[in-house]
Amino acid sequence: MDGCSGQGISVNSFALVSYLPEPVAGFFDSLRQELVSGCHAKAHVTVLPPRPLACAPEEAWEMLKENLQDFSPFQLELGEIQVFPITQVVYVSVSQGYRELERMHTALNRGQLQFVEPFRYHPHLTLAQDLQPDEASQVFEIARRRWSEFAHPRDFTVDRLTFVQNTLENRWQDLAGCALSFKELARTTEPGTADGVEFP
């Protein structure tokens with residue numbers, strides 16, 4: 001998933017993500033641009049991978065809001081650079097917060113949001129995908145070297161989730177956000193900027 005915040009023609013593909021805070025977000029945004037030419041991604045960890053909806057986005061968001069009331073902020077720490085062997089996706093592992101993300105995914109992947117995903121849910125931060133095996137090896141080495149030079153803390157608090165929708169241009173648009181701590185709900189797009197979809 002190429003997590004972005006952009007404009008385009010919306011398609012029936014939605015996801016729930018947790019964006020990374022600074023300075024780790026800026027580091028990985030820059031690294032992804034280095035690894036994948038033309039990437040406009042915003043660094044994120046996916047809670048619900050991309051899926052079509054059989055209901056209106058507003059209805060799906062209401063379900064998410066209700067289920068997210070059971071969750072509190074938690075600490076997440078990023079681990080090592082790794083590669084998924086089947087898909088050749090280069091990613092950063094999650095060394096702390098893995099179980100919390102799994103529990104959240106299980107609780108949210110139900111009802112109108114349920115989707116049979118092609119791979120078992122594995123919390124991670126994607127760096128590069130759609131690579132050939134030889135490309136994946138090169139990207140892995142560059143990413144591993146850059147990550148070893150990162151001098152800031154590798155952990156942060158997950159306290160906000162964002163509901164996003166994809167476009168034909170494969171640019172993900174933010175639709176709505178939920179703060180876990182105080183159950184604050186906030187619209188993250190101005191009226192009319194997400195094809196008229198507005199959330200309370």
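Helices here are DSSP runs of H or I with at least four residues, strands are E runs of at least two, and both are numbered from the N terminus. With that in hand, P23 sits in the loop between β1 (10-19) and α1. What you're looking at is a predicted model, where local features need pLDDT of at least 70, side-chain atom pairs count only at pLDDT 80 or more, and totals for chains, interfaces and linings use all residues. Residues are numbered from 1 along each chain as its sequence is written, and side-chain values use heavy atoms, with hydrogens and water left out.

**The overall layout**

- The protein chain has four helices and nine strands, and from the N terminus on they come in the order β-α-β-α-β-β-α-β-α-β-β-β-β.
- Of its 200 residues, 50% count as buried; buried means under 20% relative accessible area, exposed means over 50%, and partly exposed is in between (1.4 Å probe, protein chains only).
- Take the contacts (heavy atoms within 4.5 Å) between residues at least 6 apart in sequence: 71% of them join residues at least 24 apart.

**Helix α1**

- Helix α1 covers residues 24-35, and its end C-alpha atoms are 16 Å apart, which agrees with the 16 Å that its 12 residues should span at 1.5 Å a residue. The expected span is 1.5 Å times one less than the number of residues.
- Its buried residues are V24, A25, F27, F28, D29, L31, R32 and L35.
- An α-helix has 3.6 residues a turn, so residues three or four places apart point the same way.
- The buried residues of α1 pack against several elements, including β2 (44-51), β3 (74-83), α4 (133-148) and β6 (155-158).

- Most residues other than glycine have a negative phi, and most peptide bonds are trans.
- E22 and P23 are joined by a cis peptide bond, with omega at about 5°.
- D130 isn't a glycine, yet has a positive phi of about 60°. You'll find D130 in the loop between β5 and α4, where it is exposed because its relative accessible area is 73%.
- N170 is another residue other than glycine with a positive phi, near 60°. N170 lies in the loop between β7 (160-167) and β8 (173-179) and is partly exposed, at 36% relative accessible area.

**Cysteines**

- A disulfide is taken as a pair of cysteine sulfur atoms within 2.5 Å, and by that rule the count is zero.
- C55 is buried, with a relative accessible area of 13%, and C178 is buried as well, at 4%.

**The largest pocket**

- A pocket is an open set of points on a 1 Å grid over the protein atoms alone, with protein on both sides within 12 Å along at least five of seven lines, whereas a cavity is a set where a 1.4 Å probe fits but cannot get out; lining residues have an atom within 4 Å of a point.
- The largest pocket is lined by 22 residues, with P49, F84, F119, R120 and H124 nearest its centre. The elements giving two or more residues to that lining are β2 and β5, and β2 provides the largest share, four residues.
- Its volume is about 650 Å³, counted as the space filled by probe spheres set on grid points joined across faces, edges and corners.

**A spot on α4**

- S137 belongs to helix α4 and counts as partly exposed, at 45% relative accessibility.
- S137 and Q88 are 49 residues apart along the chain, while their C-alpha atoms are separated by 8.8 Å.
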